[in-house]
Amino acid sequence: MIMKKNMNKSGKGFLHEINKNKVLYLMFLPTAIWYLLFRYLPMAGIVVAFKNFNYRDGLFFSPWIGLKNFEYLFNSGKLWSVTQNTIVYNVSFLALYLFFSMFIAILLNEINNKHFKKVTQSMLILPYFVSWVVVSAFVYNFFNFEHGIVNNLLESIGMGRVNLVTQAEVWPFLLSFLYIWKWIGFGSVIYLAAISGISQEHYEAAKIDGANAFQQIFYITLPELKSTTIILALLGLGRVMRGEFDMFYNLIGNNGLLMDKTDIIDTMVFRALMGSSDFGMASAGAFYQSVLCFIIILTSNYLVKKYEANSALF
Amino acid sequence: MKKTLLIFTMILSVLAVSCTPGGSGKKSSSGADVITGYLLGDAPMGMELVVEKINEKMIEEIGAEIDIRHISWGDFASKYPLILAAGGDVDFIYTADWSYYAQESVKGAFYEITREDMDKYMPKMASLLPQDAYNQAMVDGRMYMVPTATPDKKIPVVIIREDLRKKYGVADINRFSDIEPYLEAIKANEPGMVPIFLDNSYDIDQPFTALTSEQGDRYYDILRTVGSGCGLVYASEAKVDLKLMPIIEGEVLDVFKNAAATLNNWQKKGYINPDAFANTVPSRDSFLQGRSAVAFGNSTNIQQLITTAADNDIEIKIIPILNANGHWMGNPYINNGVAIAASSDNPTKTMQALDLIMADPEYNMLAYFGVEGVNYVIEDGKVDLPEGVTAENNSYPPDMAGFWFTNKDQHPPLATWPQEYIDLRQSIIDEEMLIDYPLAAFSPKVDSIQTEVSSLNRVLTQYFYPFYVGLIDDIDGGFETLESNMKAAGIDAVQTEIQSQVDAYMSSF
Amino acid sequence: MAINNKDQMAMKGLSYALVAVASFFAFIPFLVLVISSFTAEQDIILNGFRIFPEKMSTDAYALIFKNPTKIANAYSVTLQVTIIGTLVSLFFSSMTAFVLFRKEVKYRSALAFFLYFTELFNGGLAAFYIVVGSMLGLRNSMAVLMLVPMFHVFHILILRNFMNSVPYSLIESANIDGANDLQIFLKVILPLSKPALAVIGLFIALVYWNDWWTAMMFIENRNLHPLQYVLYLILSSVNLASNMVDNVPTMDAPKESLKLAMVVVATGPILFVYPFVQKYFVKGITIGAVKG
């Protein structure tokens with residue numbers, strides 16, 4: 001009913017459309033109700049980013065204070081650099097994630113030995129279950145200055161020990177590696193399912209045309225995976241301003257020496273608000289991320305819609 | 001589409017506002033008022049039995065019963081304000097200077113407790129609390145918490161391996177600043193050990209704090225209590241002319257540079273673990289396991305260390321950390337306390353119930369030590385474990401339930417206390433180590449300088465914390481960078497604002 | 001089954017080798033994790049995590065299973081929530097995906113945006129806590145554990161994407177046969193989407209299985225604590241209490257190995273179930289691929 005206004009432009013009316021597909025709209029209803037209750041209703045809380053919160057007046061009646069809650073972000077002098085960090089990290093994570101997930105899925109698909117495939121695939125998903133707290137314990141242990149496995153290895157090949165805690169330049173690579181390590185099993189599962197949806201006739205036809213195994217991958221598998229990749233990329237881009245807080249916070253902690261290279265928006269907001277319990281400023285940080293994500297996703301979705309209409313998110 | 005959503009969201013927000021929950025007094029099946037209280041930590045297994053025993057008495061005496069819930073340590077930061085914001089289902093909640101008491105009070109989270117309320121509903125506590133306690137609990141002239149009547153008497157300590165010190169012929173150590181020869185001996189003779197092995201949360205700033213404290217007065221960050229900092233310290237035992245100083249100026253800077261240089265030297269010589277920022281094993285654990293030779297703690301949390309060390313035949317020495325005058329800042333009354341939620345349906349009953357729990361010996365013992373015969377017995381005037389109950393399987397270990405605000409003078413000593421621990425407690429009192437620092441209970445209000453404070457918070461993490469572990473080689477350069485960043489973050493504005501608050505605070509006595 | 005061409009041989013060889021290397025990297029840390037969870041705390045503090053520790057110990061597990069009925073109860077809560085939650089969520093998610101996939105639905109992109117928008121903007125913790133806990137009154141109920149993590153745009157949109165590979169002619173012919181949209185969804189789409197349902201079902205199940213946040217926010221009744229939250233509480237009390245509480249009776253708690261044992265306890269059951277789910281997306285592929 002709310003949508004009615006917008007709908008007059010297109011020949012037949014809104015009610016007609018609803019009536020025509022009423023079963024489909026009804027099928028959408030349960031999810032819609034959930035989204036209204038659990039997502040849109042709480043969304044009203046967004047106003048607190050513009051309010052000077054107090055408990056007496058609550059989230060909705062506390063006095064407005066304009067953009068005051070945002071000042072700590074914009075006056076920090078670091079906003080641009082952490083925003084940059086966030087984008088660079090997330091975009092590289094996303095690209096690496098997509099590439100390696102697809103790569104591993106294609107390889108797995110080539111494997112005929114059922115047991116080998118099952119076992120390796122189970123192994124690949126294991127890192128997914130290891131929380132970042134534990135990953136950070138591992139990094140600490142493996143790279144421990146005195147007895148860490150990696151440091152022993154580096155020394156034995158004559159490269160000298162590294163002290164990760166002081167060497168900021170190592171971290172972008174280490175973080176990317178860990179990210180891939182943790183998510184590759186998860187990502188490859190999506191691609192495996194997508195590959196299983198490719199019709200076998202395509203391959204048969206290609207074989208008759210004399211395509212070799214590599215050509216089959218290049219000319220059939222990869223193009224068939226394009227829509228999956230686009231949708232995953234879009235979904236990833238929509239989160240590009242939200243860092244993996246758990247990852248960065250557990251691995252970097254309060255180590256000031258690494259901060260220029262590893263501070264992202266989430267960790268900066270967290271650190272800035274340590275020692276305060278201000279809903280308003282926390283919301284302001286989240287709102288800043290939301291707005292940037294919104295711009296990015298609208299742009300990228302627009303571009304996708306223009307060239308690959310079927311793969312667009314909305 | 002966007003317009004549609006906007007309208008939609010607006011309708012929903014109106015809806016949300018009109019449905020804000022309104023509480024109504026809760027009654028239990030027996031008709032008693034149910035008082036819901038939140039404590040920090042995790043409920044021990046025996047919690048239900050204890051609450052049942054408390055309620056048996058309480059229903060009879062004041063017609064109320066308590067319902068205790070816990071906010072786990074890990075959830076504290078996120079959940080504490082939410083419970084207060086949602087309201088309706090909370091009557092009392094633990095509070096303290098370090099758990100944002102002042103901030104939350106200013107924002108109207110708590111019910112104001114007047115002197116008359118105290119006399120009328122909490123007569124036992126009213127008779128126990130000195131005027132100082134009331135003064136400390138004031139926020140803008142109003143009191144929102146019932147502070148403990150018995151603030152903890154504790155000082156930080158450093159523990160060393162006395163056996164190893166003797167073995168390597170190092171002279172007796174009585175101050176942390178004299179520890180270097182010991183560290184050197186350990187490094188040279190104990191290949192499996194790192195002399196000082198810091199963790200990234202509790203220990204990390206301890207050596208720095210110890211060194212700077214011993215060099216003069218105690219330099220205490222004015223925002224330290226709420227788990228953050230602004231780089232503004234005060235350092236005076238005297239109540240006159242209280243000046244706040246940024247850590248990048250004057251005498252503070254010299255003292256800090258000295259400490260930073262010492263730590264850097266130790267770091268270079270391998271006396272401190274270089275990866276302290278990533279280590280999660282507390283120094284007390286690595287000390288007991290023979291990985292390190294120095295442990296950090298305070299005079300109350302080292303009981304277990306003393307006992308375990310004795311069991312492992314490790315001879316230890318406890319070195320108190322004090323300032324140059326042999327003093328340390330006593331904990332303020334508001335270091336433990338309880339507040340009544342502004343949304344409580346029954347503040348008077350809640351106060352009555354709290355009066356019993358905090359100051360009635362029977363309730364107090366129940367809340368703190370559990371059920372007599374099940375969780376503890378009294379033998380020779382000491383609290384001991386009943387037959388068949390061990391420290392590990394005790395379903396209600398003392399102190400663990402989170403009733404930290406009760407009157408501890410009513411608690412007998414524990415039979416498990418080792419002699420060294422008893423001696424240490426006694427010497428703190430005998431040697432008058434604890435003194436009142438004038439600003440110990442001062443809680444700055446930061447609403448008007450929140451932006452600057454958050455920037456400073458970050459600047460300190462990035463440019464100051466590395467000094468803690470001696471990771472910065474160029475001390476002068478490091479402090480210059482710190483200075484320019486603190487200036488850019490607005491230290492001057494913070495100093496002006498908080499100084500004026502301090503002046504007002506000092507003149508209010 | 002015979003492999004006759006050189007290029008195929010090369011491809012197979014490469015696949016086996018690279019997959020083996022990748023699984024090795026994924027597996028070894030986990031192996032170290034499992035072994036270290038059985039290592040004495042002292043050994044970890046002195047020597048770090050190792051494949052061949054000097055001193056084994058089950059202290060960490062003893063601490064977790066100190067109260068076996070609590071853990072058993074937590075497993076049972078988690079299982080119920082995961083099974084029921086996953087089935088309900090998977091059904092409605094795929095039904096939603098089906099609606100978004102249907103070209104006849106003129107507003108499908110508006111509907112997708114309606115769902116996606118919530119990924120971008122949210123009202124923050126406080127509003128969520130008040131709406132779900134107080135207004136909807138879901139605090140301390142099994143329902144809240146199932147409802148809060150129920151839908152994710154990610155899952156719905158991936159499902160829609162998978163449905164794109166279903167030939168549209170199937171739907172049209174079913175339409176002509178007089179089937180309504182619900183019937184088409186149940187009889188035509190669902191059976192054809194098995195691999196996708198297996199994958200997304202797995203993802204949803206993992207979300208439920210790993211969710212401790214909902215319990216932290218909305219569950220105070222200890223009988224309704226799911227496994228991950230119980231483990232989280234054990235860890236947080238051991239780690240933080242030792243610094244905050246004065247009379248800590250269990251300061252000797254095996255903190256480092258405990259972290260690892262928690263992963264083992266929480267992951268174990270999933271690893272047993274995984275192969276059963278796996279067969280759907282593995283089978284989907286092998287049927288045709290092996291022929292050549």
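**Close-up views of a predicted model**

**View 1. Ser283(A) counts as buried, at 12% relative accessibility.** The model shown here and in the other views is predicted. Ser283(A) belongs to helix 16 of chain A, which spans residues 279-307. Apart from neighbours within four places in sequence, Ser283(A) is in contact with Val48(A) and Ala49(A).

**View 2. Four strands of chain B make an open sheet with mixed pairing.** The strand order is 8-12-7-13. Strand 8 (194-196) and strand 13 (316-320) of chain B are at the edges; each has a single partner strand, so one side of each lacks a neighbour in the sheet. From one strand to the next, the twist averages 25 degrees. Strand 7 (residues 156-161) of chain B runs antiparallel to strand 13 of chain B, and five bridges join the two. Within this sheet, Val157(B) is opposite Pro320(B) of strand 13 of chain B. Helix 13 (residues 303-311) of chain B lies across strand 7, strand 12 (292-298) and strand 13 of chain B, at about 155 degrees to strand 13 of chain B.

**View 3. A nonpolar patch on the surface holds residues of chains A and C.** Its members are Phe99(A), Phe100(A), Phe103(A), Phe214(A), Leu14(C) and Leu18(C), which together have about 490 Å² of accessible area. Helix 5 (79-110) of chain A and helix 1 (6-37) of chain C each supply at least two residues of the patch. The largest share, three residues, comes from helix 5 of chain A. Phe99(A) is located in helix 5 of chain A, and Phe99(A) counts as partly exposed at 48% relative accessibility.

**View 4. A salt bridge joins Lys12(C) to Glu110(A).** The closest N and O atoms are 3.4 Å apart. This pair crosses between chains, from helix 1 of chain C, which holds Lys12(C), to helix 5 of chain A, which holds Glu110(A). Lys12(C) is buried, with a relative accessible area of 15%, and Glu110(A) also counts as buried, at 15% relative accessibility.

**View 5. Glu308(A) and Lys226(A) meet in a salt bridge, at 3.0 Å from N to O.** The pair links distant parts of the chain, 82 residues apart: Glu308(A) is in the segment after helix 16 of chain A, and Lys226(A) is in helix 12 (residues 226-237) of chain A. Glu308(A) is partly exposed, with a relative accessible area of 26%. Lys226(A) is partly exposed, with a relative accessible area of 42%.

**View 6. Arg271(A) and Asp263(A) form a salt bridge, with a distance of 3.0 Å from N to O.** Both Arg271(A) and Asp263(A) are buried.

Note on methods:
Residues numbered from 1 in each chain as written. Chains lettered and ligands numbered in written order. Predicted model: local features only at pLDDT ≥ 70, side-chain atom pairs only at ≥ 80, totals over all residues. Heavy atoms only, no water. Pairing = 2+ DSSP bridges. Axes fitted to C-alpha atoms, helices over the stretch in contact; angles between N-to-C directions. Contact = heavy atoms within 4.5 Å. Patch = residues over 30% accessible without salt bridge, like charges linked within 9 Å, V, L, I, M, F, W, Y side chains within 5 Å. Areas by Shrake-Rupley, 256 points an atom, 1.4 Å probe, with all protein chains shown as cover. Salt bridge = Lys/Arg side-chain N within 4 Å of Asp/Glu carboxyl O. Buried < 20%, exposed > 50% of the residue type's maximum accessible area, 1.4 Å probe, protein only.
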